[in-house]
Amino acid sequence: MDSIDQLLAELQSEYKEVQPQQQQPKSATAKSFIPPLPKSASFLDNLLAEVKADFAEEDAAIELKRQQELEQERVRQEQLKAKQIEALKVQAKEWLAKVDPLSSEGLWFERFAESYSSKLEAAIEYLRSNE
């Protein structure tokens, strides 16, 4: 994009250099052979505006594609996290079924689980921290 801006700046500077030369008084016959300045100036301005618009449109399309890719990645990460939580739930249910509530681990877990809304939630956190 910088190279396009540089080319546009060069064209504008060349145009500005040519413009004062064309406006210098010349003979009447020479003036009739010079094309009117406003037409060429507006043509260049229109051309530059078109090029800028094309690049702006392309940049917008690239940005939109990037945003869509980021959104797809976010959704994929959320799905992966949900699968991991489901797997932990299964492990936690199995662990809760196997743990002896009167063993030292079972007694410790009972106290640990008091700060959670459910024993399953506590078991998930316990298993997650022991991975």
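My entries below follow the charged side chains, starting with a patch and moving on to the salt bridges.

**Entry 1: the model.** I noted before anything else that this is a predicted model.

**Entry 2: a charged patch.** Which residues gather in a patch of negative charge on the surface? I found E50, D54, E57, E58 and D59 there. I then looked up E50 and found it in helix α3, which covers residues 37-98. Is E50 buried or exposed? Its relative accessible area is 51%, and the cut-off for exposed is over 50%, so E50 counts as exposed.

**Entry 3: counting salt bridges.** Next I wanted the opposite charges that meet. I reminded myself that side chains of opposite charge can pair when their charged atoms come close. How many salt bridges does a search of the whole structure find? It finds seven. I picked a few of them to follow up.

**Entry 4: E63 and R66.** I started with the salt bridge between E63 and R66, where the closest N and O atoms are 2.7 Å apart. Both residues sit in helix α3, and the three residues from one to the other make about one turn of the helix. How accessible are the two partners? E63 has 35% relative accessibility and is partly exposed. R66, with a relative accessible area of 41%, is partly exposed as well.

**Entry 5: R74 and E71.** I moved along to R74, whose side chain meets that of E71 in a salt bridge, at 2.4 Å from N to O. Why are R74 and E71 about one helical turn apart? They are separated by that much because they are three residues apart in helix α3. I wrote down 39% relative accessibility for R74, so I have it as partly exposed. E71 is partly exposed too, at 38%.

**Entry 6: R74 again.** With which other residue does R74 form a salt bridge? I found E78, and the closest N and O atoms are 2.4 Å apart. R74 and E78 are four residues apart in helix α3, so about one helical turn separates them. E78 has a relative accessible area of 45%, which makes it partly exposed. Salt bridges with shared partners therefore join E71, R74 and E78 into one network.

**Entry 7: looking back.** My page now holds a negative patch that includes E50 and D54, a salt bridge between E63 and R66, and a network of E71, R74 and E78.

Technical notes: Residues are numbered from 1 along each chain as its sequence is written. This is a predicted model: local features need pLDDT of at least 70, side-chain atom pairs count only at pLDDT 80 or more; totals for chains, interfaces and linings use all residues. Side-chain values use heavy atoms; hydrogens and water are left out. Patches are made of residues with over 30% relative accessible area and no salt bridge: like charges are joined within 9 Å, nonpolar side chains (Val, Leu, Ile, Met, Phe, Trp, Tyr) within 5 Å. Accessible areas come from the Shrake-Rupley method with a 1.4 Å probe; for residues, only the protein chains shown count as cover. A salt bridge is a side-chain nitrogen of Lys or Arg within 4 Å of a carboxyl oxygen of Asp or Glu. Lys and Arg count as positive and Asp and Glu as negative; His and the chain ends are not counted. The place of a charge is taken as NZ of Lys, CZ of Arg, CG of Asp or CD of Glu. Helices (H or I, at least four residues) and strands (E, at least two) are DSSP runs, numbered from the N terminus. Buried means under 20% relative accessible area, exposed over 50%, partly exposed in between (1.4 Å probe, protein chains only).
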